[in-house]
Amino acid sequence: MTDRTIPADGIGMHLYTMRDVLAEDYPGTLKRLADIGYRTVGVSGRFEHSAAEIRGFADDAGLGIVLEHVGYARMLEDWAGALADVQTLGGKWAVVPSIPSELHSVEGFKTAAAAFTEAGKAARDAGLKLLFHNHGHDFDEIDGRVLYDILLDVDPELLGFELDLYWAVDGGHDPAKLFQDHPGRFPALHVKDMAEDGSWEDVGAGKLDFAAMFAHAESGGVEQYLVEHDKPTDAWTSAERSYRGLSELRY
């Protein structure tokens, strides 16, 4: 461990964490996140606002939008529209958050990999990058193949990854090893901590060894460390605790 810290402009909030308060006051929520210290956000859910409106809210708050989550179905059905929205938001990455459960097989992931290859080409042509966000079951081994490895085989120019650290560990994988084995593939992270009982916890209050992971983050190509808590008891308490935990971390 050294005295390295995460650059301030790399600390963001994935807005799924804040979904309840966003539904009540989207612009006010963004301003309060900026007051806490967050510099960037990842969009997950519009709450009936347009991409242009959300971009305006973020600009007013002094926050940068780095990505938006786009469902797998929209990738297949309206990818051009989704990419245009990410451009409007000012993001760099369009992130598919999950693969449909009916594709949870070796052949299904091969189908998804082929779809990601084509979508990645369109994203590249639009000046963006396609990323995939994992859950724990994406690391399942079926018929001798780790499903996630099928996606890692996609051309790195066409598919990167928003690595959810909690779910990677839950799936039996070490993020530090992924960073080392697949350099440059992980420009964005979901920094989500794990409680002793395996549930979600605020960043820095759980048992995950983020310092050991982040020691290799540069190898992984990490640019954005986005806080996430799937089910906070109080979104604002969680946001404040997680910001402190991430900003004060030494690695």
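1. Strand β1 (residues 11-14) pairs with strand β12 (residues 224-227) in the parallel sense over 3 bridges; two strands pair if DSSP finds at least two bridges between them. In this pairing, M13 stands opposite V227 in β12. Strands (E, at least two residues) and helices (H or I, at least four) are DSSP runs, numbered from the N terminus.

2. The model is predicted: local features need pLDDT of at least 70, side-chain atom pairs count only at pLDDT 80 or more, and totals for chains, interfaces and linings use all residues. Residues are numbered from 1 along each chain as its sequence is written, and side-chain values use heavy atoms, with hydrogens and water left out.

3. A barrel is closed by 8 strands in the order β1-β2-β3-β4-β5-β8-β9-β12, with parallel pairing. From one strand to the next, the twist averages 30 degrees; angles run from 0 to 180 degrees between N-to-C directions, and axes are lines fitted to C-alpha atoms, for helices over the stretch in contact.

4. Strand β9 (residues 188-191) is covered on both faces, with A188 and H190 on one side and L189 and V191 on the other all buried (under 20% relative accessible area, 1.4 Å probe, protein chains only). Strand β8 (residues 160-164) pairs with β9 in the parallel sense over 3 bridges, and L163 stands opposite L189. Between β9 and β12, which run parallel, there are 4 bridges; H190 stands opposite L226 in β12.

5. The axes of helix α2 (residues 26-36) and helix α12 (residues 235-247) come within 10 Å and cross at roughly 30 degrees. The two helices are therefore roughly parallel to each other (angles under 35 degrees).

Key: Parallel < 35°, antiparallel > 145°, perpendicular 65-115°, else oblique. Buried < 20%, exposed > 50% of the residue type's maximum accessible area, 1.4 Å probe, protein only.
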